[in-house]
Amino acid sequence: MNKKYTYVWVSLIILIFGIIFIPKIVNRLKSGDVVENDRMNTASAEGTLGYVLLNGEKRKVPSFQFINQDSLVITDKDYLGKVFVVDFFFTRCPSICPIMTKNLVVLQNEFQQNENFGIASFSITPDFDTPQVLKEYAEKYGITHMDWHLMTGNKEAIYDLANSGFNIFAAEMPDAPGGFEHSGLFALIDKEGYIRSRKDAFGNPIVYYRGAITEAMGENSEGEKEQISILKEDIKRLLEE
């Protein structure tokens with residue numbers, strides 16, 4: 001075909017497209033439909049609960065065995081069939097642990113009557129945090145839920161569980177408040193023992209929930225927002241699964 005006629009046909013097609021579709025696009029832009037649809041598509045995954053993956057595999061709570069505040073042996077098997085929250089703390093912590101524990105008490109009270117809910121708190125100073133010390137700590141903060149176990153035991157096993165099992169940082173650091181550094185994050189576990197997390201606006205899991213900011217605080221000095229309110233929502237959703 002002559003190049004001249006080819007150009008004419010291409011120009012004609014472009015002209016027809018413009019006549020038919022451009023007015024529709026303009027109208028959608030004026031009405032806000034395009035913006036709204038794009039916003040909805042972007043946020044479609046936000047708030048949904050997914051699995052935390054490691055090398056493409058759903059991450060599960062490693063097996064563990066420790067002693068709780070009542071000197072009872074507690075293992076990961078005791079939590080099967082329950083939705084539970086995990087944290088790492090120590091009773092002499094002068095900084096974030098009191099806030100974390102108070103937030104966990106809020107969760108305890110919210111789900112006090114639910115036998116399928118629990119909390120697993122692991123001491124990162126097990127040499128000091130004996131069952132008796134943990135018992136006194138529990139009484140001080142009003143820990144009453146029958147499935148909230150404050151656990152102590154082999155120090156190496158606890159640090160391995162924190163850093164390798166959950167990737168929740170914990171370490172001895174002389175310059176840190178109380179001599180130990182830890183993240184203040186909460187992990188959410190489903191009834192089958194898998195680590196779960198809600199997704200952000202981009203469809204990525206937040207992985208862990210901020211445990212050192214209360215609902216009343218709203219956000220910390222760095223502008224990070226509290227996540228206890230969304231953690232409550234996600235616990236409820238897992239309990240219904």
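What share of the contacts in the protein with a separation of 6 or more comes from residues 24 or more positions apart? Such residues account for 70% of these contacts. The model under discussion is a predicted one. The protein comprises 6 helices and 13 strands, and 41% of its 241 residues count as buried.

**Aromatic pairs and charges over rings**

The structure contains 11 aromatic pairs. One of them joins F66 and F122 in an edge-to-face arrangement, with 5.7 Å from centre to centre and 75° between the planes. Because F66 belongs to strand 4 (residues 65-67) and F122 to strand 7 (residues 117-123), this pair ties together parts that are 56 residues apart in sequence. F66 and F122 are both buried. The rings of F111 and F117 have centres 5.0 Å apart and planes at 40°, so this pair is tilted. F111 and F117 are likewise buried.

A pair of aromatic rings is described by the distance of the centres and the angle of the planes. The two pairs are set out below in these terms.

| Ring pair | Centre to centre | Angle between planes | Arrangement |
|---|---|---|---|
| F66 and F122 | 5.7 Å | 75° | edge-to-face |
| F111 and F117 | 5.0 Å | 40° | tilted |

F66 and F122 also belong to a cluster that ring pairs build from F64, F66, Y79, F84, F88, F122 and F166. Rings take part in contacts with charged side chains as well: the charged end of K60 sits over the ring of Y194, 4.9 Å from the ring centre. R92 lies over the face of F128, at 3.9 Å from the centre of that ring.

**The annotated positions**

The UniProt annotation "binding site", taken from an unreviewed entry, covers C93, C97 and H182. These residues are spread over 90 residues of sequence, yet they cluster in space, the largest C-alpha distance being 10.1 Å.

C93 is placed in the loop between strand 6 (83-89) and helix 3 (97-110), whereas C97 lies in helix 3. With a relative accessible area of 7%, C93 is buried. C97 is buried too, at a relative accessible area of 1%. Beyond its neighbours within four places in sequence, C93 is in contact with P98 and H182. With residues up to four places away again left out, C97 touches F89, F90, Y137 and H182.

Helix 4 (residues 131-141) has V133, L134, Y137, A138 and Y141 as buried residues. They cover an arc of only 140° around the axis, which puts them on the same side of helix 4. An α-helix has 3.6 residues a turn, so residues three or four places apart point the same way. The elements that cover the buried residues of helix 4 include strand 6, helix 3 and strand 8 (148-151).

A138, which lies in helix 4, counts as buried at 5% relative accessibility. Apart from residues up to four places away in sequence, A138 touches I143 and L150. A138 and T91 are separated by 47 residues in sequence, and their C-alpha atoms are 9.7 Å apart in space. Just after helix 4, G142 adopts a positive phi of about 75°.

Leaving aside neighbours within four places in sequence, the residues in contact with S197 are T48, L49, G50, V52, P205, I206, V207 and Y209.

For two of these residues the approach involves the backbone nitrogen. That of I206 lies 3.2 Å from a polar atom of the S197 side chain. The side chain of S197 also reaches the backbone nitrogen of V207, at 2.8 Å.

Methods. Residues are numbered from 1 along each chain as its sequence is written. This is a predicted model: local features need pLDDT of at least 70, side-chain atom pairs count only at pLDDT 80 or more; totals for chains, interfaces and linings use all residues. Side-chain values use heavy atoms; hydrogens and water are left out. Rings of Phe, Tyr and Trp (its six-membered ring) pair if their centres lie within 6.5 Å; planes under 30 degrees apart count as stacked, over 60 as edge-to-face and the rest as tilted. Helices (H or I, at least four residues) and strands (E, at least two) are DSSP runs, numbered from the N terminus. Buried means under 20% relative accessible area, exposed over 50%, partly exposed in between (1.4 Å probe, protein chains only). A charge sits over a ring if NZ of Lys or CZ of Arg is within 6 Å of the ring centre and within 35 degrees of the ring normal. A polar contact is a pair of N or O atoms within 3.5 Å; within protein, one must be able to donate a hydrogen and the other to accept it, and residues adjacent in sequence count only if both atoms are side-chain atoms. Contact means heavy atoms within 4.5 Å. UniProt positions are given in the numbering used here, feature names are shortened, and annotations may be inferred rather than shown by experiment. The arc is that of the directions from the helix axis to the C-beta atoms.
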